[in-house]
Amino acid sequence: MSRLRGRVVIAQGGGPTAVINQSLVGAVLESRKFPDITDVWGALHGVRGIVNETFVNLSEATTHNLERVAQTPSSALGSTRDKPDAEYCHRIFNVFRKHDVRYFFYIGGNDSSDTVRIVNEQADQEGYELRAIHIPKTVDNDLPVNDHCPGYPSAARFVTCAISGVNADNNALSGVYIAVIMGRHAGWLTAAAALARKHDDDGPHLVYVPERQFSIDRYLGDIDRVYQQHGRCIVALSEGVWATRNEKGKEIPLAADLMSKAGREPQVDAHGNIQLSGGALADELADIVQKRLNIKRVRSDTFGYLQRSFPGVVSNIDACEAREVGEKAAHYACRHNVDGSVVIKRIGNYAVKYELARLTDIAAKTRRLPDEYINADGNHVSDAFCNYLRPLLGDDLPCLERLSAPVARVG
(Lines give C-alpha, C1' and ligand atoms only; values in the text may rest on other atoms or scores of the structure.)
Protein backbone atom coordinates (compact mmCIF):
# COMPACT_ATOMS: atom_id res chain seq x y z
CA MET A 1 0.00 0.00 0.00
CA SER A 2 1.16 3.52 -0.76
CA ARG A 3 1.59 5.90 2.14
CA LEU A 4 -1.40 8.07 2.95
CA ARG A 5 -1.30 11.83 2.71
CA GLY A 6 -3.32 13.77 5.26
CA ARG A 7 -3.59 14.92 8.85
CA VAL A 8 -2.64 13.22 12.10
CA VAL A 9 -4.95 13.50 15.11
CA ILE A 10 -3.55 12.60 18.53
CA ALA A 11 -5.65 12.34 21.70
CA GLN A 12 -5.14 11.31 25.32
CA GLY A 13 -7.78 9.37 27.25
CA GLY A 14 -8.43 8.02 30.72
CA GLY A 15 -6.41 8.71 33.85
CA PRO A 16 -3.28 10.85 33.45
CA THR A 17 0.20 9.57 34.29
CA ALA A 18 3.58 11.10 35.03
CA VAL A 19 4.92 10.21 31.56
CA ILE A 20 1.91 10.31 29.21
CA ASN A 21 3.22 13.51 27.61
CA GLN A 22 6.43 11.72 26.65
CA SER A 23 4.30 9.52 24.40
CA LEU A 24 2.47 12.55 23.03
CA VAL A 25 5.68 14.38 22.19
CA GLY A 26 7.31 11.28 20.74
CA ALA A 27 4.38 10.79 18.35
CA VAL A 28 4.24 14.48 17.42
CA LEU A 29 7.94 14.94 16.70
CA GLU A 30 8.21 11.72 14.69
CA SER A 31 5.04 12.44 12.71
CA ARG A 32 6.33 15.88 11.73
CA LYS A 33 9.29 14.23 9.99
CA PHE A 34 7.12 12.57 7.32
CA PRO A 35 6.43 14.66 4.19
CA ASP A 36 3.00 13.05 3.66
CA ILE A 37 1.74 14.47 6.97
CA THR A 38 0.01 17.78 6.27
CA ASP A 39 -0.66 18.71 9.91
CA VAL A 40 -0.48 17.18 13.38
CA TRP A 41 -3.54 18.09 15.42
CA GLY A 42 -4.14 17.44 19.11
CA ALA A 43 -7.71 16.81 20.24
CA LEU A 44 -8.58 18.61 23.46
CA HIS A 45 -10.02 16.29 26.12
CA GLY A 46 -9.72 13.08 24.21
CA VAL A 47 -12.44 11.77 21.93
CA ARG A 48 -14.79 14.48 23.17
CA GLY A 49 -12.50 17.03 21.53
CA ILE A 50 -12.73 15.12 18.26
CA VAL A 51 -16.53 15.08 18.09
CA ASN A 52 -16.62 18.73 19.22
CA GLU A 53 -13.89 19.60 16.68
CA THR A 54 -11.70 21.33 19.26
CA PHE A 55 -8.12 20.87 18.13
CA VAL A 56 -4.74 22.52 18.55
CA ASN A 57 -2.22 22.51 15.71
CA LEU A 58 0.82 20.77 17.13
CA SER A 59 2.69 21.29 13.87
CA GLU A 60 3.19 24.86 15.05
CA ALA A 61 4.42 24.01 18.56
CA THR A 62 8.15 24.58 19.00
CA THR A 63 10.39 21.65 19.76
CA HIS A 64 11.56 23.42 22.92
CA ASN A 65 7.99 23.79 24.14
CA LEU A 66 7.20 20.15 23.35
CA GLU A 67 10.28 18.90 25.17
CA ARG A 68 9.30 20.86 28.27
CA VAL A 69 5.79 19.45 28.05
CA ALA A 70 7.24 15.94 27.75
CA GLN A 71 8.74 16.32 31.23
CA THR A 72 5.45 17.58 32.70
CA PRO A 73 3.04 15.10 34.31
CA SER A 74 -0.65 14.69 33.47
CA SER A 75 -2.33 14.98 30.08
CA ALA A 76 -1.25 18.13 28.27
CA LEU A 77 -4.16 17.86 25.83
CA GLY A 78 -6.66 17.13 28.58
CA SER A 79 -8.45 13.83 28.97
CA THR A 80 -11.92 12.32 29.16
CA ARG A 81 -13.78 9.40 30.70
CA ASP A 82 -16.15 9.14 27.73
CA LYS A 83 -16.56 5.55 26.60
CA PRO A 84 -17.62 5.74 22.96
CA ASP A 85 -20.15 3.30 21.60
CA ALA A 86 -20.56 2.55 17.88
CA GLU A 87 -22.63 5.71 17.27
CA TYR A 88 -20.09 7.90 19.08
CA CYS A 89 -17.25 6.33 17.09
CA HIS A 90 -19.15 7.00 13.86
CA ARG A 91 -19.20 10.69 14.80
CA ILE A 92 -15.44 10.49 15.31
CA PHE A 93 -15.03 8.88 11.92
CA ASN A 94 -17.17 11.57 10.22
CA VAL A 95 -14.96 14.31 11.72
CA PHE A 96 -11.89 12.50 10.41
CA ARG A 97 -13.35 12.25 6.93
CA LYS A 98 -14.41 15.91 7.00
CA HIS A 99 -10.88 17.10 7.85
CA ASP A 100 -8.92 14.57 5.80
CA VAL A 101 -7.51 12.87 8.88
CA ARG A 102 -5.60 9.78 7.78
CA TYR A 103 -3.77 8.91 11.01
CA PHE A 104 -5.29 8.51 14.47
CA PHE A 105 -3.14 7.99 17.56
CA TYR A 106 -4.95 7.46 20.85
CA ILE A 107 -2.88 7.30 24.04
CA GLY A 108 -4.77 5.39 26.70
CA GLY A 109 -5.73 2.15 28.38
CA ASN A 110 -8.30 -0.60 27.86
CA ASP A 111 -11.25 1.55 26.81
CA SER A 112 -9.10 3.78 24.59
CA SER A 113 -7.82 0.75 22.69
CA ASP A 114 -11.41 -0.36 22.12
CA THR A 115 -12.27 3.07 20.70
CA VAL A 116 -9.37 2.80 18.26
CA ARG A 117 -10.63 -0.64 17.23
CA ILE A 118 -14.18 0.52 16.56
CA VAL A 119 -13.12 3.62 14.60
CA ASN A 120 -10.67 1.57 12.57
CA GLU A 121 -13.32 -1.01 11.70
CA GLN A 122 -15.81 1.67 10.66
CA ALA A 123 -13.26 3.31 8.39
CA ASP A 124 -12.55 -0.05 6.80
CA GLN A 125 -16.27 -0.71 6.28
CA GLU A 126 -16.69 2.65 4.55
CA GLY A 127 -13.62 2.20 2.37
CA TYR A 128 -11.83 5.17 3.96
CA GLU A 129 -8.10 4.65 4.35
CA LEU A 130 -7.16 5.42 7.96
CA ARG A 131 -4.20 4.25 9.98
CA ALA A 132 -5.22 3.88 13.64
CA ILE A 133 -2.70 3.18 16.40
CA HIS A 134 -3.30 2.66 20.10
CA ILE A 135 -0.43 3.93 22.28
CA PRO A 136 -0.42 2.13 25.66
CA LYS A 137 -0.81 4.04 28.92
CA THR A 138 -2.06 3.04 32.34
CA VAL A 139 -0.83 3.14 35.92
CA ASP A 140 -2.89 -0.03 36.48
CA ASN A 141 -0.48 -2.03 34.26
CA ASP A 142 -3.37 -4.21 33.13
CA LEU A 143 -3.12 -4.19 29.32
CA PRO A 144 -2.67 -7.70 27.89
CA VAL A 145 0.25 -8.71 25.65
CA ASN A 146 2.48 -6.00 27.22
CA ASP A 147 5.18 -6.88 29.74
CA HIS A 148 4.30 -3.57 31.39
CA CYS A 149 2.62 -0.30 30.47
CA PRO A 150 4.04 3.25 30.35
CA GLY A 151 2.91 5.14 33.42
CA TYR A 152 3.00 2.11 35.68
CA PRO A 153 6.73 2.18 36.57
CA SER A 154 6.55 5.79 37.77
CA ALA A 155 3.36 5.20 39.75
CA ALA A 156 4.94 2.05 41.21
CA ARG A 157 8.04 4.05 42.13
CA PHE A 158 5.79 6.53 43.96
CA VAL A 159 4.11 3.72 45.89
CA THR A 160 7.45 2.12 46.76
CA CYS A 161 8.92 5.43 47.97
CA ALA A 162 5.78 6.38 49.90
CA ILE A 163 5.66 3.06 51.74
CA SER A 164 9.40 3.32 52.46
CA GLY A 165 8.75 6.63 54.21
CA VAL A 166 5.71 5.26 56.01
CA ASN A 167 7.79 2.31 57.19
CA ALA A 168 10.41 4.61 58.70
CA ASP A 169 7.67 6.64 60.39
CA ASN A 170 5.91 3.54 61.68
CA ASN A 171 9.19 2.13 63.00
CA ALA A 172 9.69 5.30 65.03
CA LEU A 173 6.12 5.51 66.35
CA SER A 174 4.68 2.03 66.14
CA GLY A 175 1.10 1.17 65.38
CA VAL A 176 -1.01 -0.08 62.48
CA TYR A 177 -0.97 1.79 59.16
CA ILE A 178 -3.25 0.99 56.22
CA ALA A 179 -2.60 2.34 52.71
CA VAL A 180 -5.38 2.04 50.11
CA ILE A 181 -3.82 2.06 46.66
CA MET A 182 -5.30 2.23 43.14
CA GLY A 183 -6.29 -1.00 41.45
CA ARG A 184 -9.88 -1.82 40.54
CA HIS A 185 -9.42 -5.25 38.97
CA ALA A 186 -5.65 -5.81 39.11
CA GLY A 187 -3.18 -5.46 41.95
CA TRP A 188 -0.04 -4.43 40.07
CA LEU A 189 0.24 -1.02 41.70
CA THR A 190 -0.52 -2.19 45.23
CA ALA A 191 2.01 -4.99 44.83
CA ALA A 192 4.70 -2.35 44.21
CA ALA A 193 4.60 -1.54 47.93
CA ALA A 194 6.60 -4.74 48.51
CA LEU A 195 9.72 -3.16 47.00
CA ALA A 196 9.90 -0.87 50.05
CA ARG A 197 11.11 -3.77 52.19
CA LYS A 198 14.81 -3.84 53.07
CA HIS A 199 14.95 -5.56 56.48
CA ASP A 200 12.98 -8.63 57.48
CA ASP A 201 10.69 -6.66 59.78
CA ASP A 202 10.03 -3.83 57.31
CA GLY A 203 6.59 -3.09 55.94
CA PRO A 204 4.47 -3.65 54.10
CA HIS A 205 3.86 -6.68 56.25
CA LEU A 206 0.62 -7.45 54.42
CA VAL A 207 -0.43 -6.87 50.79
CA TYR A 208 -4.00 -7.50 49.57
CA VAL A 209 -4.87 -7.44 45.85
CA PRO A 210 -8.13 -7.95 43.87
CA GLU A 211 -6.86 -11.24 42.45
CA ARG A 212 -7.76 -12.89 45.77
CA GLN A 213 -11.04 -12.79 47.69
CA PHE A 214 -10.78 -10.58 50.76
CA SER A 215 -12.00 -11.59 54.21
CA ILE A 216 -12.35 -9.14 57.09
CA ASP A 217 -11.77 -11.93 59.62
CA ARG A 218 -8.62 -13.12 57.86
CA TYR A 219 -7.45 -9.50 57.56
CA LEU A 220 -7.86 -8.99 61.30
CA GLY A 221 -6.13 -12.29 62.03
CA ASP A 222 -3.19 -11.36 59.80
CA ILE A 223 -2.80 -7.95 61.44
CA ASP A 224 -3.03 -9.43 64.92
CA ARG A 225 -0.32 -11.97 64.11
CA VAL A 226 2.05 -9.36 62.64
CA TYR A 227 1.37 -6.90 65.46
CA GLN A 228 2.14 -9.53 68.08
CA GLN A 229 5.38 -10.37 66.29
CA HIS A 230 6.69 -6.87 65.49
CA GLY A 231 4.68 -4.51 67.65
CA ARG A 232 3.52 -2.75 64.48
CA CYS A 233 1.94 -3.53 61.11
CA ILE A 234 1.81 -1.84 57.68
CA VAL A 235 -0.90 -2.92 55.24
CA ALA A 236 -1.03 -2.16 51.49
CA LEU A 237 -4.47 -2.83 50.05
CA SER A 238 -5.97 -2.40 46.58
CA GLU A 239 -9.07 -0.22 46.40
CA GLY A 240 -10.75 -2.95 44.36
CA VAL A 241 -10.45 -5.85 46.81
CA TRP A 242 -13.70 -7.79 46.98
CA ALA A 243 -15.34 -9.97 49.61
CA THR A 244 -18.65 -10.99 48.04
CA ARG A 245 -20.34 -11.66 44.68
CA ASN A 246 -23.77 -10.64 43.47
CA GLU A 247 -26.44 -13.03 42.22
CA LYS A 248 -24.79 -13.09 38.77
CA GLY A 249 -21.43 -14.06 40.23
CA LYS A 250 -19.87 -10.62 39.70
CA GLU A 251 -17.31 -9.52 42.26
CA ILE A 252 -18.57 -6.69 44.48
CA PRO A 253 -15.80 -4.32 45.68
CA LEU A 254 -15.43 -4.27 49.44
CA ALA A 255 -15.81 -0.48 49.38
CA ALA A 256 -19.26 -0.78 47.76
CA ASP A 257 -20.29 -3.59 50.11
CA LEU A 258 -19.37 -1.55 53.18
CA MET A 259 -21.18 1.50 51.82
CA SER A 260 -24.33 -0.52 51.16
CA LYS A 261 -24.27 -1.94 54.68
CA ALA A 262 -23.95 1.62 55.99
CA GLY A 263 -27.05 2.65 54.01
CA ARG A 264 -25.22 4.65 51.33
CA GLU A 265 -25.65 4.06 47.59
CA PRO A 266 -22.31 3.68 45.77
CA GLN A 267 -21.79 6.11 42.88
CA VAL A 268 -21.26 4.75 39.37
CA ASP A 269 -19.14 6.37 36.64
CA ALA A 270 -19.84 6.64 32.89
CA HIS A 271 -18.31 3.21 32.33
CA GLY A 272 -20.61 1.55 34.84
CA ASN A 273 -17.79 1.17 37.38
CA ILE A 274 -18.52 1.73 41.06
CA GLN A 275 -16.58 4.77 42.28
CA LEU A 276 -13.79 3.62 44.56
CA SER A 277 -11.95 6.91 45.14
CA GLY A 278 -12.17 8.76 48.45
CA GLY A 279 -11.15 7.75 51.94
CA ALA A 280 -14.20 5.78 53.11
CA LEU A 281 -12.62 2.34 52.66
CA ALA A 282 -9.39 3.30 54.45
CA ASP A 283 -11.31 4.88 57.32
CA GLU A 284 -13.59 1.86 57.69
CA LEU A 285 -10.73 -0.65 57.66
CA ALA A 286 -8.82 1.36 60.26
CA ASP A 287 -11.91 1.66 62.45
CA ILE A 288 -12.48 -2.11 62.32
CA VAL A 289 -8.89 -2.78 63.44
CA GLN A 290 -9.08 -0.27 66.26
CA LYS A 291 -12.35 -1.58 67.64
CA ARG A 292 -11.96 -5.32 67.18
CA LEU A 293 -8.26 -5.68 67.97
CA ASN A 294 -8.21 -2.94 70.59
CA ILE A 295 -5.12 -1.31 69.09
CA LYS A 296 -5.03 2.38 69.96
CA ARG A 297 -2.72 3.80 67.27
CA VAL A 298 -4.27 2.95 63.89
CA ARG A 299 -3.85 5.26 60.92
CA SER A 300 -4.89 5.04 57.26
CA ASP A 301 -4.43 6.92 53.98
CA THR A 302 -5.90 6.71 50.51
CA PHE A 303 -3.15 7.50 48.01
CA GLY A 304 -5.69 8.50 45.35
CA TYR A 305 -4.59 10.80 42.54
CA LEU A 306 -1.17 11.34 44.10
CA GLN A 307 0.02 8.10 42.53
CA ARG A 308 -0.69 9.12 38.95
CA SER A 309 1.03 12.42 38.24
CA PHE A 310 3.54 13.04 41.02
CA PRO A 311 6.45 14.92 39.39
CA GLY A 312 9.24 14.13 41.85
CA VAL A 313 9.54 10.36 41.47
CA VAL A 314 9.43 9.63 37.74
CA SER A 315 11.24 6.46 36.69
CA ASN A 316 13.84 7.25 34.03
CA ILE A 317 13.09 3.86 32.46
CA ASP A 318 9.42 4.80 32.26
CA ALA A 319 10.11 8.19 30.70
CA CYS A 320 12.30 6.68 27.98
CA GLU A 321 9.89 3.90 27.14
CA ALA A 322 6.88 6.23 27.11
CA ARG A 323 8.69 8.41 24.56
CA GLU A 324 9.57 5.42 22.43
CA VAL A 325 6.05 3.95 22.23
CA GLY A 326 4.93 7.32 20.87
CA GLU A 327 7.71 7.31 18.33
CA LYS A 328 6.99 3.73 17.32
CA ALA A 329 3.32 4.60 16.76
CA ALA A 330 4.38 7.16 14.16
CA HIS A 331 6.76 4.69 12.56
CA TYR A 332 4.16 1.93 12.29
CA ALA A 333 1.47 4.23 10.87
CA CYS A 334 3.42 6.69 8.73
CA ARG A 335 6.26 4.49 7.50
CA HIS A 336 4.85 0.96 7.57
CA ASN A 337 1.22 1.88 6.86
CA VAL A 338 -0.30 -0.51 9.42
CA ASP A 339 -2.80 -0.40 12.31
CA GLY A 340 -2.63 -1.88 15.80
CA SER A 341 -1.51 -1.36 19.37
CA VAL A 342 2.12 -0.73 20.30
CA VAL A 343 3.26 -3.21 22.95
CA ILE A 344 6.34 -3.54 25.14
CA LYS A 345 8.10 -6.91 25.35
CA ARG A 346 10.89 -7.65 27.84
CA ILE A 347 14.09 -9.28 26.68
CA GLY A 348 17.09 -10.27 28.77
CA ASN A 349 17.67 -8.58 32.11
CA TYR A 350 16.82 -5.79 31.41
CA ALA A 351 15.93 -4.57 27.89
CA VAL A 352 12.76 -4.15 25.84
CA LYS A 353 11.60 -4.37 22.26
CA TYR A 354 8.47 -2.88 20.72
CA GLU A 355 5.97 -4.78 18.60
CA LEU A 356 2.56 -4.13 17.10
CA ALA A 357 -0.31 -6.23 18.40
CA ARG A 358 -3.77 -6.58 16.89
CA LEU A 359 -6.27 -4.16 18.39
CA THR A 360 -8.62 -7.06 19.10
CA ASP A 361 -5.94 -8.63 21.34
CA ILE A 362 -5.81 -5.53 23.55
CA ALA A 363 -9.23 -3.85 23.38
CA ALA A 364 -11.38 -4.01 26.53
CA LYS A 365 -9.29 -6.79 28.07
CA THR A 366 -7.63 -6.85 31.50
CA ARG A 367 -4.35 -8.48 32.55
CA ARG A 368 -4.28 -9.40 36.21
CA LEU A 369 -1.43 -10.42 38.48
CA PRO A 370 -0.47 -14.02 37.66
CA ASP A 371 -0.64 -16.60 40.43
CA GLU A 372 3.14 -16.88 40.70
CA TYR A 373 3.33 -13.22 41.75
CA ILE A 374 1.09 -13.77 44.82
CA ASN A 375 2.08 -15.74 47.92
CA ALA A 376 0.22 -18.88 48.97
CA ASP A 377 -1.66 -17.12 51.79
CA GLY A 378 -2.92 -14.38 49.47
CA ASN A 379 -1.67 -11.63 51.78
CA HIS A 380 1.61 -10.63 50.10
CA VAL A 381 3.54 -10.90 46.83
CA SER A 382 6.30 -13.30 45.84
CA ASP A 383 9.98 -12.80 45.11
CA ALA A 384 9.15 -13.38 41.43
CA PHE A 385 7.05 -10.20 41.41
CA CYS A 386 9.81 -8.19 43.09
CA ASN A 387 12.28 -9.40 40.47
CA TYR A 388 9.81 -8.41 37.75
CA LEU A 389 9.30 -4.87 39.07
CA ARG A 390 12.75 -3.91 40.32
CA PRO A 391 14.30 -2.83 36.97
CA LEU A 392 11.20 -0.79 36.06
CA LEU A 393 11.57 1.56 39.02
CA GLY A 394 14.60 3.23 37.46
CA ASP A 395 17.84 4.51 38.90
CA ASP A 396 18.65 6.20 42.20
CA LEU A 397 15.84 4.94 44.40
CA PRO A 398 16.08 6.66 47.80
CA CYS A 399 18.10 4.61 50.25
CA LEU A 400 16.65 4.51 53.76
CA GLU A 401 19.05 3.29 56.41
CA ARG A 402 18.75 2.39 60.09
CA LEU A 403 21.17 3.29 62.83
CA SER A 404 23.68 0.52 63.47
CA ALA A 405 25.27 1.17 66.84
CA PRO A 406 25.68 -0.82 70.06
CA VAL A 407 23.77 0.07 73.18
CA ALA A 408 25.76 2.57 75.21
CA ARG A 409 27.08 1.45 78.59
CA VAL A 410 25.92 3.74 81.34
CA GLY A 411 26.86 3.84 85.00
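## The loop between S5 and H6

Asn-141 is found in the loop between strand S5 (131–136) and H6. In this predicted model, Asn-141 has a positive phi of about 60 degrees, although the residue is not a glycine.

The setting of the side chain is another matter: Val-145 has a relative accessible area of 35%, which makes it partly exposed.

## The second largest pocket

Let us move on to some open space. The second largest pocket holds about 550 Å³. Its lining is made up of 26 residues, and those nearest the centre are Ser-164, Leu-195, Ala-196, Arg-197 and Lys-198. Two elements give two or more residues to this lining, namely helix H6 (152–172) and helix H13 (383–389). Which of the elements gives the largest share? That is H6, with six residues.

The model has 15 aromatic pairs. One of them joins Trp-188 and Tyr-373: the ring centres are 5.9 Å apart and the planes stand at 85 degrees, so this pair is edge-to-face, being over the 60 degrees that the class needs. Trp-188 belongs to helix H7 (residues 188–191), while Tyr-373 sits in the loop between helix H12 (359–362) and H13, so the pair ties together parts that lie 185 residues apart in sequence. Both partners fall under the 20% limit for buried residues: Trp-188 counts as buried at 1% relative accessibility, and Tyr-373 counts as buried at 14%.

Tyr-373 has a further partner in Tyr-388. Their ring centres are 5.5 Å apart with the planes at 40 degrees, so the pair is tilted. Because Tyr-373 lies in the loop between H12 and H13 and Tyr-388 in helix H13, this pair ties together parts 15 residues apart in sequence. Tyr-388 is buried, as is Tyr-373.

## Arginines over rings

Arg-102 lies over the face of Tyr-128, at 4.1 Å from the ring centre. In another case, the charged end of Arg-91 sits over the ring of Tyr-88, and the separation from the centre of that ring is 5.5 Å.

## Cis peptide bonds

Gly-203 and Pro-204 are joined by a cis peptide bond, with omega at about 5 degrees. Pro-204 is found in the loop between H7 and strand S7 (206–208).

Where does the other cis bond lie? The peptide bond that runs from Asn-349 to Tyr-350 is cis, and its omega is near 15 degrees. Tyr-350 has its place in the loop between strand S12 (340–347) and strand S13 (351–357).

## Leu-220 in helix H8

Leu-220 lies in helix H8 (residues 216–230). With a relative accessible area of 6%, Leu-220 is buried. Which residues does Leu-220 touch, leaving out those up to four places away in sequence? The contacts are Ile-288, Val-289, Arg-292 and Leu-293.

For a sense of distance, compare the position of Leu-220 with that of Arg-197. The two residues are 23 apart in sequence, and their C-alpha atoms are 22 Å apart in space. Arg-197 is among the residues that lie nearest the centre of the second largest pocket.

## The segment after H13

Ala-405 is found in the segment after H13. Is Ala-405 buried or exposed? Its relative accessible area is 61%, so Ala-405 counts as exposed. Ala-405 and Ile-181 are 224 residues apart along the chain, and 35 Å separates their C-alpha atoms.

Notes: Residues numbered from 1 in each chain as written. Predicted model: local features only at pLDDT ≥ 70, side-chain atom pairs only at ≥ 80, totals over all residues. Heavy atoms only, no water. 1 Å grid on protein atoms, 1.4 Å probe; cavity = no way out; pocket = protein on both sides within 12 Å on 5 of 7 lines; lining within 4 Å. Points joined across faces, edges and corners; volume = space filled by probe spheres on them. Helix = DSSP H or I, 4+ residues; strand = E, 2+ residues; numbered from the N terminus. Phe/Tyr/Trp six-rings, centres within 6.5 Å; stacked < 30°, edge-to-face > 60°. Buried < 20%, exposed > 50% of the residue type's maximum accessible area, 1.4 Å probe, protein only. Lys NZ or Arg CZ within 6 Å of the ring centre and 35° of its normal. Contact = heavy atoms within 4.5 Å.
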